Amino acid sequence: MLCGRWRSRHRRHEEPPVPAQVAAPVALPSPPAPQDGGNKRPGLRALKKMGLTEDEDVRAMLRGSRLCKIRSRTWQKERLYRLQEDGLSVWFQRRIPRAPSQHIFFVQHIETVREGHQSEGLRRFGGAFEPARCLTIAFKGRRKNLDLVAPTAEEAQRWVRGLAKLRVRLDAMSQRERLDHWIHFYLHRADSNQDSKMSFKEIKNLLRMVNVDMNDMYAYCLFKECDRSNNEWLEGPEIEEFLRRLLKRPELEEIFHRYSGEDRVLSTPELLEFLEDQGEEGATLAHAQQLIHTYELNETAKQHELMTLDGFMMYLLSPEGAALNPAHTCVFQDMNQPLAHYFISSSHNTYLTDSQIGGPSSTEAYVRAFAQGCRCVELDCWEGPGGEPVIYHGHTLTSKILFRDVIQAVRDHAFTLSPYPVILSLENHCGLEQQAAMARHLHTILGDMLVTQLLDSQNPEELPSPELKGRVLVKGKKLPAARNEDGRILSDREEDNEDEDEEEEAGAAEQRRRAKQISPELSALAVYCCATRLRTLRPAPGPPQPCQVSSLSERKAKKLIREAGNSFIRHNACQLTRVYPLGLRMNSANYNPQEMWNSGCQLVALNFQTPGYEMDLNAGRFLINGQCGYVLKPACLRQPDTSFDPECPGPPRTTFTIQVLTAQQLPKLNAEKPNSIVDPLVRIEIHGVPADCACKETNYVLNNGFNPRWGQTLQFQLRAPELVLVRFVVEDYDATSPNDFVGQFTLPLSSLKQGYRHIHLLSKDGASLSPATLFVHICIQRS
């Protein structure tokens, strides 16, 4: 029987949909009875596994606190906040009760916890409260900060310390432990009368909660096989056995038994054989032994250097078994080349938290951009009252923030995640007096962090490398005599309606007018990033001027890519180019950055506040190299005499084959509707040069987001694999309307490991969807 949101549908595929599949019941040995009273209070059982049940801070959070939530000077409300027994989520009170999912936030979605008046909200509205009582919970993605005031300093510290302990423990948890927490959280919810027993009805509710619609007869058969007491209830070890059967991975068992033989354990040589078939670099007996000692759970097996099925699953669910090469998660690239040789994570209109027409501006937007690895942020500077320049989107209803407050945010947060240099892209609309004030703030607030003079007087025209750690570069206009050979002074952002062939007389008048509007103090700070206009690249780029930076709209950049081709790439091999979205994108939508990266543009600026596939690609591009915000461009984009042209990349030279096997624990899209079950399909997208761009997808699986199976193979021929990003997307199929997004993961092809791999899915705004994964087999063949 099929239920949930199933209805008559028109199939988009010629092949029939794959039926929902659940692991067949197989007798397994029951685990030993828990020492904490069976399944009583499974949430506390989870905390006990985390080793935090006796921690005084965590115990205080479990009891709850009445904290004052601060939104403005007038909106300051006391609310109850309480850690839930799963140790992974915090429940909070609302004035108007909403759906249960709207009353919690998850610890794994916390970016940081700040003490005192360390947020824009508390600095502006929390002055009446002593800093020791204040804390700010900043979240990943678009969720607003939570500014809170505790009754006492000690209670504030309990929450700061308690959340820190939970986050550390959560980060240290294996995928298997996360899965255990996840299933027991839903088990606790499904136990409607909290009697630590599960009726068949409650088991059916549990199955719907975890996104699977199992046939009633099959579900009852599984239920009865676990009901050893034959009383129509599951409790204690019976529940654990049911969960153990539910979480079985037949596809992993098949792979394990293929290598383990009849004894059903992997010896060190057998594990080595598996690693060699996986294509693991440097696979040795010593490495196989190390994996056994790291992931094997059974101490006896570990002593005999054997790996059981449980240990094998632990390994494949670990970072070493993931699709992303673990060696690429730290800084592994050469960081001593000129800045122009790197893709640099860049933000457009960084100050905005929403649309560019009426959205709020905030220093928190800079903090969030830095937390995502951004290394080039934009400051739209305008005349402000009292001689203080402000930042906002000019001539719109966006709110204004002080320039000096933004520079303070740069000082305090720019190097929290990455030590590599930050570029401040100044869009300057101020008069001379307030330009001088800007220069003064940059000097006094940033101090020695600010680059104010050439670092290598012997090579004044050479760009520094990213090894300029902890330093801030200013991109801005330069007075004519100081650097520009033609004496032109230009806006930092080119306008789309500029006339490329304006008369020289008009150009000279414009030059004189603008020159009078540039403060010498601010001009002196544009040391390595001098804003200039890109005049022409035809028939060939002019002499390299590495310290000059051109800013182009996406439309102008696309025109250069189309018309100049290889000349634009050679220009970008020596000089920095910044690309920004069209001003017509009123809702702060983004463009596809891949086209700009294909031509070697370094500063491809996006609206970080707007989630979508464009930001997924940006996150995937900068996922590697320690997420430091700098990624070395392929060699074909760094050579000044390169012949590479993305429009003519040559014949295919790489075959990329993905076998999409299964998915695990996909999230429900509507947590408030138990009968709403996803019908997942998987789409593989290739983003690269135009000839490589493609997408292919599997069939959909009806009513199973818990453990859907596909077993379908998708293949791609690639011409420029060094530029390819691979995006794995899971969607909920719908025949009558666009599919709903479930999760995704994006990474460079060059950082993708071969063999059997798990892909750990992310939400729309980049937060982890743990324990949701895809299980695939990857093969990359280079000709």
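Author: Happy to! Let's start with a word we will need: a residue is buried when its relative accessible area is under 20%, exposed when that area is over 50%, and partly exposed in between, using a 1.4 Å probe and protein chains only. By that rule, 57% of the 783 residues in the protein chain are buried. Please keep in mind that this is a predicted model, where local features need pLDDT of at least 70, side-chain atom pairs count only at pLDDT 80 or more, and totals for chains, interfaces and linings use all residues. Residues are numbered from 1 along each chain as its sequence is written, and side-chain values use heavy atoms, with hydrogens and water left out.

The protein chain has 22 helices and 31 strands. Helices (H or I, at least four residues) and strands (E, at least two) are DSSP runs, numbered from the N terminus.

What lies over them? Just past the end of helix 6, N211 takes a positive phi of about 80°.

V160 is buried, with a relative accessible area of 10%. Contact means heavy atoms within 4.5 Å. Leaving aside neighbours within four places in sequence, V160 is in contact with V113, E115 and L135. The C-alpha atoms of V160 and D57 are separated by 8.9 Å, although these residues are 103 apart along the chain.

That brings us to contacts across the protein chain: among those between residues at least 6 apart in sequence, 69% join residues at least 24 apart.

The protein chain exposes about 32600 Å², and carbon and sulfur atoms supply 50% of it. Such accessible areas come from the Shrake-Rupley method with a 1.4 Å probe; for residues, only the protein chains shown count as cover.
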